[in-house]
Amino acid sequence: MFTFQVFSKLEGAFTAGMIHLGDRLGLYRALAAADSPMTSVQLAGEVGLEERWVREWLANQAAARLIEHDASEAADRFSLSGEGRAVLASPEHPAFGMGMFHRLPATMGALELMPEAFASGMGHDYDSHGPEGAEGIERSFEPWNKANLIRKVLPAMSGVVDRLTEGATVVDVGCGAGGAVLLMAESFPNSTFVGYDISQHALERAQIKLAESGLANARFADPRHDPLPANGSVDIVTTFDCIHDMAHPQPVIEAIRAAVADDGHWLLVDIRAADTLAGNIEANPMAALLYGVSVLSCMSSALSEPGGAGLGTLGLPASKAEEMARAAGFTRFETLDVQHAMNAFYEIRP
Ligand SMILES: C[S@@+](CC[C@H](N)C(=O)[O-])C[C@H]1O[C@@H](n2cnc3c(N)ncnc32)[C@H](O)[C@@H]1O
């Protein structure tokens, strides 16, 4: 049974690779678009790929119970369930899950860097995952944000929607490819937005998307060259899934406090975590996944500069977030009533 447990992880790793291919090669999208279950010949014809390869991929997916398999006719037929369509083939659905699989090869590529990192203690920043890493992050967070950021998260904060509607100055720190900034900038044309990130790949994506959007009330910057204002001129700061990735999160939180007005707001979104390893293992069915992501990505980023704090994926439970916020001069800390599979939402105020 122990061997089975170990090899089920390897099955997961190989099937995750197949999911990456299904997304990348358009196989899921073709299955989702079909009116009826498809044979491997039909699917291969639809996507213009070699049938023998498509057939073996379908076999993996059927064995993993990810796609439906009908063996009642002469030729096997395959289809996606409603849930399969949402998670595997619908970027507009909040449950769409292909972002982490998009960046799987880039993330797993970091394995080669690990012996050195474990020996030296030094990690690698997000740009070490290349442009596909930034795009994978973008695709991970945008679907849920599109459905919920404007409609549910911002209204859960005290008076923030009114301020944004009237016209507020907003900063998103660790903005990645700018998805949240562009969503908010489009919804609140009287407000101005600046997204800050240190990843050049993410900033390049953000600039392209900004140009495509035609929005004039947003811009993106690298805070190492163009720092946050330190004069309390910002009304609202947001940080989405990035404080735990930062090599020096406490100085960043202090910079956020210096930037935000005394009547301002900080929306902190970060991975929901317990205070202890035992608590995470018990309460979070994704704990093993998240600790693995931490080694290859989040904690590595948080140790990518000398003296890095190394918080990592599950390293910012509410207690730690509150302690760090108070140490930076914030006095009010409230957990927002927003449901998310992985994240917790806090409104923090001076
Ligand atoms: C998991 S990604 C989240 C990106 C984005 N907020 C989103 O939700 O798509 C974490 C981001 O934090 C950025 N980051 C890490 N350290 C940073 C720092 N000191 N200042 C600004 N951004 C930083 C990384 O480059 C990366 O883009």
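Leaving aside its neighbours within four places in sequence, with which residues is alanine 302 in contact? In this predicted model, the contacts of alanine 302 beyond that stretch are Gly123, His244, Asp245, Met246, Ala247, Gly308, Ala309, Gly310, Leu311 and Gly312. Alanine 302 also belongs to the largest nonpolar core, which has 68 residues. Within that core, the residues with the most contacts are Val171, Val181, Val237, Ile256, Ala259, Leu268 and Ala302. Strand S7, formed by residues 260-271, contributes the most to this core, with six residues.

The chain as a whole is divided into domain 1, covering 2-90, and domain 2, covering 107-349. Taken over C-alpha atoms, the centres of domain 1 and domain 2 are separated by 34 Å.

The surroundings of the ligand may be considered next. There are 22 residues around the ligand, and those that come nearest are Gly174, Gly176, Ser199, Phe240 and Cys242.

Two strands now deserve attention. Strand S4, residues 192-196, pairs with S5 in the parallel sense over four bridges. Glycine 195 has phenylalanine 220, in S5, as its bridge partner. In a regular strand, side chains alternate between the two faces of the sheet. Strand S5, residues 218-221, has a covered face made up of Ala218 and Phe220, and an uncovered face made up of Arg219 and Ala221.

The loop between S4 and helix H12 (200-213) contains isoleucine 198. Isoleucine 198 is buried because 21 other C-beta atoms lie within 10 Å, the threshold for a buried residue being 20 or more. Leaving aside neighbours within four places in sequence, isoleucine 198 is in contact with Asp125, Asp222, Pro223 and Arg224. Between isoleucine 198 and proline 306, 108 residues apart along the chain, the C-alpha separation is 16 Å.

Is alanine 278, by contrast, buried or exposed? Alanine 278 lies in helix H14, residues 277-283. Alanine 278 counts as exposed because it has 9 C-beta neighbours inside 10 Å, and a residue with 12 or fewer is classed as exposed. Leucine 296 is 18 residues from alanine 278 in sequence, and the two lie 21 Å apart in space, C-alpha to C-alpha.

Technical notes: Residues numbered from 1 in each chain as written. Predicted model: local features only at pLDDT ≥ 70, side-chain atom pairs only at ≥ 80, totals over all residues. Near = placed C-beta within 6 Å. Core = buried A, V, L, I, M, F, W, Y, C linked by C-beta atoms within 7 Å. Contact = placed C-beta atoms within 7 Å. Domains from an automatic or database assignment. Pairing = 2+ DSSP bridges.
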